[in-house]
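Please keep the sequence and the model in view while reading.

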Amino acid sequence: MDALEAILTRRSTRKYQAVLPDNALIDQVVEAGRSAPSGGNSQTTHFILITKAEILSELAWIVQTAFANMEIREDLYASLKNSINASRRGGYVFHYNAPVLIVTANKKGYGNAMADSACALENMMIAANALDLGSCWINQLHWLDEDEAVREYLYGLGLSEDETVTGALALGYPAEGLPNRTPLPRTGNPVTRISD
Ligand SMILES: Cc1cc2nc3c(=O)[nH]c(=O)nc-3n(C[C@H](O)[C@H](O)[C@H](O)COP(=O)(O)O)c2cc1C
């Protein structure tokens with residue numbers, strides 16, 4: 001698969017096999033993330049690679065607890081309200097039981113923190129697709145960046161106090177074979193052309 005095909009056929013995967021992909025494959029995905037461009041070549045995106053099942057379960061529990069205790073305000077966006085409602089019902093697993101979760105963090109107060117991490121996450125999603133792995137951007141840890149219990153737990157996994165959680169990537173073999181590569185119709189993302 002060439003680069004353009006890997007970009008155009010990438011889709012989000014939300015059901016995973018429990019089997020852990022080989023380390024060599026996971027490392028290729030992480031290296032794709034580490035190879036992303038960064039503002040001023042700062043290279044400050046921190047990748048916390050979690051493949052330990054026990055940690056992934058604990059993290060899911062901590063996230064569910066944090067959301068379940070959160071007030072649903074009118075101004076919250078729909079996906080966040082969904083996470084809160086699902087957590088209140090119980091059994092909410094924000095990372096879809098993927099066998100791999102790669103949390104991205106960056107320096108607090110660094111203006112390109114989110115932009116750099118987004119480049120890294122997109123590189124990893126494209127690499128995953130090229131390697132016949134499924135992946136999905138997972139935003140819950142970013143939303144909970146200021147939650148004390150979540151931060152405390154992430155400190156134990158290597159997050160530094162001067163870092164902000166920018167996102168995460170679920171990664172693994174799709175439950176139903178190869179990744180779903182059916183392109184979504186483009187109904188937005190307008191292009192304005194100015195030409196002769
Ligand atoms: C910034 C960002 C945050 C996202 N957060 C989540 C998330 O928390 N959970 C999830 O299932 N998908 C998440 N997604 C995936 C989008 O829902 C998905 O990309 C979109 O619906 C288009 O579908 P596709 O990726 O299959 O093309 C996120 C995507 C982006 C770019």
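**Strands, cysteines and a cavity**

In strand β4, V165 is the bridge partner of A105. Helices (H or I, at least four residues) and strands (E, at least two) are DSSP runs, numbered from the N terminus. The model is a predicted one, in which local features need pLDDT of at least 70 and side-chain atom pairs count only at pLDDT 80 or more, whereas totals for chains, interfaces and linings use all residues. Residues are numbered from 1 along each chain as its sequence is written, and side-chain values use heavy atoms, with hydrogens and water left out.

Strands β2 and β4 (residues 163–172) run antiparallel and are joined by eight bridges; two strands pair if DSSP finds at least two bridges between them. Strand β2 also runs antiparallel to β1 (residues 46–50), to which five bridges join it. In that pairing, I48 stands opposite V103 of β2.

The cysteines may be considered next. A disulfide is a covalent bond between the sulfur atoms of two cysteines; the criterion applied is a pair of cysteine sulfur atoms within 2.5 Å. A search of the whole structure finds zero disulfides. C119 is in none, the nearest cysteine sulfur, that of C136, being 18 Å away. Because the sulfur of C136 is 18 Å from the closest cysteine sulfur, in C119, the separation is too far for a bond. C119 is partly exposed, with a relative accessible area of 31%, whereas C136 counts as buried at 3% relative accessibility.

The structure holds one cavity of 30 Å³ or more, and the largest cavity contains about 30 Å³ of space. On a 1 Å grid over the protein atoms alone, a cavity is a set of points where a 1.4 Å probe fits but cannot get out, and lining residues have an atom within 4 Å of a point. Grid points are joined across faces, edges and corners, and a volume is the space filled by probe spheres set on the points. Residues lining the largest cavity include R11, T13, M125, N129, S135 and P179. Helix α5 (113–130) and strand β3 (134–137) each supply at least two residues of this lining, and α5 gives the most, with three.

Notes: Buried < 20%, exposed > 50% of the residue type's maximum accessible area, 1.4 Å probe, protein only. 1 Å grid on protein atoms, 1.4 Å probe; cavity = no way out; pocket = protein on both sides within 12 Å on 5 of 7 lines; lining within 4 Å.
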